[in-house]
Amino acid sequence: MYGKSLPILGGAGALPVAGTAAESRSKAATFEYLTTRKDELVGWARKFSLFPYPFVTACCAMEFMAVSASNYDTDRFGAALPRFSPRQADLLMVVGTVTQKQAPILLKVYEQMCEPKWVMAFGVCASTGGFYQNYASLPGIDRIIPVDIYVPGCPPRPEMVIDGIMRLQEKIANGRHPIINDSF
Ligand code: SF4
């Protein structure tokens, strides 16, 4: 429609269409509205359909089992069904101490996950290396992969893990989800 002209009825010439800038603004506003609503919708769907991949290495595993069991019931957060293939998961839960030798394996698991994906550092060992101040332990998994949520504690209580899941869901819900081309 931009730049076109309309013929005058009964005349030989043509008049330029007024309001081209207004049309452009209207289109931009429509686009902004649609992308905002789309982000809200996709964010809502994604936050309630997390599929965790538990990368479990140490004693925090007991707490992972506790939080996954019926007493705490992470099903109600849409985050319960563990997937044991990284290709089917979108939440990497790193549970326990990660050694320097395990670091390349963790990186490979992370790289095998499809986008969008999120990472939780479960416990102080995964977050900072904990009290393992030695050459063999990784001083925090964020040295090799990006972390979205840190859950402190040695081990963290199930309530802390649930709080971490809820904060991650909040982050997902408020994020941008570019699934359509901005130039439509
Ligand atoms: S944070 Fe504590 S419980 Fe968890 S793996 Fe480290 S030492 Fe074990």
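Predicted model: local features only at pLDDT ≥ 70, side-chain atom pairs only at ≥ 80, totals over all residues.
## Overall layout

The protein has 184 residues, of which 25% are buried. Its secondary structure comes to five helices and six strands, and these elements follow one another along the sequence in the pattern β-β-α-β-α-β-α-β-α-β-α.

## The open sheet

Four of the strands form an open sheet, in which the order is β3-β4-β5-β6 and the pairing is parallel. At the edges of this sheet stand β3 (52–56) and β6 (149–151), and because each of them has a single partner strand, one side of each is left without a neighbour in the sheet. On average, and with direction ignored, neighbouring strands of this sheet are turned by 20° against each other.

The pairings can also be followed strand by strand. Strands β3 and β4 run parallel and are joined by five bridges, and F55 has V94 in β4 as its bridge partner. Strand β5, which covers residues 118–122, pairs with β6 in the parallel sense over three bridges, and here F122 stands opposite V151 in β6.

Strand β4, made of residues 91–95, is mostly covered, since five of its five residues are buried. In a regular strand the side chains alternate between the two faces of the sheet. In β4, L91, M93 and V95 point one way, whereas L92 and V94 point the other way, and all of these residues are buried.

The loop between β4 and α3 (103–112) contains V98. Is V98 buried or exposed? V98 counts as buried because 27 other C-beta atoms lie within 10 Å, while the cut-off for a buried residue is 20 or more. Leaving aside residues up to four places away in sequence, V98 touches T57, A103, L106, A126, L138 and I141. The C-alpha atoms of V98 and S127 are separated by 9.8 Å, although these two residues are 29 residues apart along the chain.

## Helix α5 and its surroundings

Two packed helices are described by the angle between their axes and the distance between the axes. For helix α2 (residues 60–68) and helix α5 (residues 158–174), the axes come within 9 Å and cross at roughly 70°. That angle makes α2 roughly perpendicular to α5, because angles of 65 to 115 degrees are counted in this way.

Which residues in α2 and α5 meet? On the side of α2 they are E63, A66 and V67, and on the side of α5 they are P158, V161 and I162. The residues of this contact divide into five nonpolar, no polar and one charged. Helix α5 also lies across β5 and β6, and α5 runs at about 170° to β6.

## Around the ligand

The residues around the ligand come from several parts of the numbering: A58, C59 and C60, then G96 and T97, then G123, V124, C125 and G130, and finally C154 and P155. When the residues of this shell are sorted by kind, they divide into seven nonpolar and four polar, with no charged residue among them.

Terms used
Residues numbered from 1 in each chain as written. Near = placed C-beta within 6 Å. Nonpolar A, V, L, I, M, F, W, Y, C, P; charged D, E, K, R; others polar. Axes fitted to C-alpha atoms, helices over the stretch in contact; angles between N-to-C directions. Helix = DSSP H or I, 4+ residues; strand = E, 2+ residues; numbered from the N terminus. Parallel < 35°, antiparallel > 145°, perpendicular 65-115°, else oblique. Contact = placed C-beta atoms within 7 Å. Buried ≥ 20, exposed ≤ 12 C-beta atoms within 10 Å, placed from the backbone. Pairing = 2+ DSSP bridges.
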